[in-house]
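Here's a quick briefing on pockets, patches and charge pairs. Have the model open while you go through the points.

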Amino acid sequence: MSQAEFDKAAEDIKHLKTKPTDDEMLFLYSRYKQAIVGDVNTERPGMLDLKGKAKWDAWNELKGTSKENAMKAYIDKVEELKKKYGM
């Protein structure tokens, strides 16, 4: 997977006809962060930030995943969602 393919997928996801589900968005968010930043490098959000905690937890589950594997999973999911929701 190339950086260009990853960048295109990140742009494509913004143009779907229907917004993906929360679970699909968490999947994408966590793979995107792992590909761009690497392992989680921030403190877990406080107990009142439910959305922030869910995002942090999803990203933290990928600890140790390579940038390349995260990029591939992200691109594959975007392609799946493009077929599911259309552009």
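**Salt bridges, a pocket and a patch**

Lys-8, Asp-12, Glu-79 and Lys-82 are tied together in a network of salt bridges, a salt bridge being a side-chain nitrogen of Lys or Arg within 4 Å of a carboxyl oxygen of Asp or Glu. The structure has eight salt bridges. Keep in mind that this is a predicted model, where local features need pLDDT of at least 70, side-chain atom pairs count only at pLDDT 80 or more, and totals for chains, interfaces and linings use all residues. Residues are numbered from 1 along each chain as its sequence is written, and side-chain values use heavy atoms, with hydrogens and water left out.

**Charge pairs along the helices**

- Helices here are DSSP runs (H or I, at least four residues), numbered from the N terminus.
- Lys-8 is partly exposed, at a relative accessible area of 49%, while Asp-12 counts as buried at 8%. The cut-offs are under 20% relative accessible area for buried, over 50% for exposed, and partly exposed in between (1.4 Å probe, protein chains only).
- Over in helix α4, Lys-72 and Asp-76 lie four residues apart, about one turn of the helix, and their side chains meet in a salt bridge (2.7 Å, N to O).
- Both ends of that pair are partly exposed: Lys-72 has 39% relative accessibility and Asp-76 has 37%.
- Lys-77 forms a salt bridge with Glu-80, with the closest N and O atoms 3.3 Å apart. These two are three residues apart in helix α4, so Lys-77 and Glu-80 are also about one helical turn from each other.
- Is Lys-77 buried or exposed? Lys-77 counts as buried because its relative accessibility is 15%, whereas Glu-80 is partly exposed at 41%.

**The largest pocket**

- About 430 Å³ of space lies in the largest pocket. A pocket is an open set of points on a 1 Å grid over the protein atoms alone, where a 1.4 Å probe fits and there is protein on both sides within 12 Å along at least five of seven lines. The volume is the space filled by probe spheres set on the points, which are joined across faces, edges and corners.
- The lining has 15 residues, with Lys-19, Met-25, Leu-26, Tyr-29 and Lys-55 nearest the centre of the pocket; a lining residue has an atom within 4 Å of a point.
- Which helix supplies the largest share of that lining? It's α2, with seven residues. Both α2 (22-36) and α3 (50-60) give at least two residues each.
- By type, the lining splits into nine nonpolar, no polar and six charged residues.

- Tyr-32, Ile-36 and Val-37 make up a nonpolar surface patch with about 240 Å² of accessible area together. Such a patch takes residues with over 30% relative accessible area and no salt bridge, nonpolar side chains being joined within 5 Å.
- Tyr-32 belongs to helix α2 and is partly exposed, at 34%.
- Met-87 comes in the segment after α4 (67-85) and is partly exposed, at 45%. Met-87 and Lys-14 are 73 residues apart in sequence and 9.1 Å apart in space, C-alpha to C-alpha.

Conventions. Nonpolar A, V, L, I, M, F, W, Y, C, P; charged D, E, K, R; others polar. Patch = residues over 30% accessible without salt bridge, like charges linked within 9 Å, V, L, I, M, F, W, Y side chains within 5 Å. Areas by Shrake-Rupley, 256 points an atom, 1.4 Å probe, with all protein chains shown as cover.
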